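Thanks, everyone; I would like to take a few minutes to walk through one structure, going from helix packing to the metal site and then to the aromatic rings. Please keep the picture in view while I talk.

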Amino acid sequence: MSIAKFSVNQPKEIQQYYREQGYVIICKALKLDKIDVLLDLVEQKKRDRLFVFNSQDTHIPTRPRLTEAGFIENSMLNPANLKFSPRLSRAIESCLVDPTVAEILSVLSGDRAHVMIQNMLFDKSTGTIEHQDHYYLDADPPGNMVAAWYALENIQEDAGCFFVLPGSHRGRVISRANAKNFSDHEDYRKEIITLIHNSDYQYKAFPLEKGDVLFWHPYTIHGAYKNTNPQHSRKSLTAHFYPAQYKPLYAANAPKLHASINPRILMTGDAIAPYVDSFKTYLRFVANALRGRGPEMVMRRENYEEAA
Ligand SMILES: O=C(O)CCC(=O)C(=O)O
Ligand SMILES: [Fe+2]
């Protein structure tokens, strides 16, 4: 199946495709050498005994556990905040807030500046359940967040590709029952599967090339397949942005912000927030180890039998 890709100098085509399909891919948006800097630093961290990160797929602080092929098992939540690993967090930030990414966000939202709410790093696919990001996070007014998926290597078909269900952003949107928590996550997960079964949405997988960036709408159903070839990593970043004129959904007030290395992209929290976050991650890691506490809200599809 062919994959439509656009270049940054096609704003009209990009807007139209995104409006119709709920996603759009920008070809070679990131320069390869800055990706290589990031990947080298990730390789170093795999052997660092003091390295602890927040796992995105299980929502607990964890140390890198490597697969037999040497890939980090868990995805990282907010790796750009890992201030105890300054070179790594800076290399990640440099890719996340790349000027081309900032430009495409503006093409899609019409706003000049954006706030990055969250970011993630994957060494391998964790196999992500089908979902609309809106349930977890969005802009206020909703539907205005834009998410981005960055291919950090040529992604193989059997590596557990990211997928979207094109056009699903124009269908039913499922919100969480309680603004304050995710207590209905299990109902939500099942409702999404039912929604897919009752619609004629198709799955479209993206074996993208290194440097490509895919942008998608907060109502677009997406996820990732499980890896079926342990020799293939799926090195990728994701980030979620909202236009700076808005605030995050469910937030009583606009949050404090600090500048990233790109003035067009702001990050949530004040300038010391990432340091506090890093410190808390270590504390929670130690506390969980002492209490023997496990994951709370699991995004891995292997934990749910009936996920496709
Ligand atoms: O890359 C993945 O496996 C899923 C990423 C995702 O769902 C997101 O960033 O919103
Ligand atoms: Fe998502």
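Let me begin with helix 1, which passes helix 4 in a right-handed crossing; by the convention used here, a crossing is right-handed if the near helix is turned clockwise from the far one by less than a right angle, and left-handed if anticlockwise. This is a predicted model, in which local features need pLDDT of at least 70 and side-chain atom pairs count only at pLDDT 80 or more, while totals for chains, interfaces and linings use all residues. Residues are numbered from 1 along each chain as its sequence is written, chains are lettered from A and ligands numbered from 1 in the order in which they are written, and side-chain values use heavy atoms, with hydrogens and water left out.

Helices here are DSSP runs of H or I with at least four residues, and strands are runs of E with at least two, numbered from the N terminus; axes are lines fitted to C-alpha atoms over the stretch in contact, with angles running from 0 to 180 degrees between N-to-C directions. On the helix 1 side Pro11, Ile14, Gln15 and Tyr18 meet Ile104, Val107 and Leu108 of helix 4, where contact means heavy atoms within 4.5 Å.

For helix 2 (residues 32-46) and helix 3 (residues 86-96), the axes come within 9 Å and cross at roughly 150°, and this crossing is left-handed. Among the residues making the contact are Ile35, Leu38 and Leu41 of helix 2 and Leu88, Ala91 and Ile92 of helix 3.

Now the metal. Which residues supply the protein donors of the iron ion, ligand 2? They are His131 (NE2), Asp133 (OD) and His222 (NE2), lying 2.1 Å from the ion, where donors are N, O and S atoms within 2.8 Å of the metal (3.2 Å for Na, K and Ca), and since water is not among the atoms, sites may look incomplete. Their spacing in sequence is H-x1-D-x88-H. Aspartate 133 lies in the loop between strand 5 (114-122) and strand 6 (139-140), whereas histidine 222 lies in strand 11, so this pair ties together parts that are 89 residues apart in sequence. Both aspartate 133 and histidine 222 are buried, meaning under 20% relative accessible area, with exposed over 50% and partly exposed in between (1.4 Å probe, protein chains only).

Turning to the rings, the structure holds 15 aromatic pairs; rings of Phe, Tyr and Trp (its six-membered ring) pair if their centres lie within 6.5 Å, and planes under 30 degrees apart count as stacked, over 60 as edge-to-face and the rest as tilted. Phenylalanine 163 and tyrosine 225 have ring centres 4.7 Å apart and planes at 45°, so the pair is tilted. Phenylalanine 163 is buried, at 0% relative accessible area, while tyrosine 225 is partly exposed at 30%. Ring pairs also link Phe6, Tyr17, Tyr23 and Phe206 into a cluster.

Finally, arginine 176 lies over the face of phenylalanine 182, 4.3 Å from the ring centre, and the charged end of arginine 234 sits over the ring of phenylalanine 122, 4.6 Å from its centre. The criterion is that NZ of Lys or CZ of Arg is within 6 Å of the ring centre and within 35 degrees of the ring normal.
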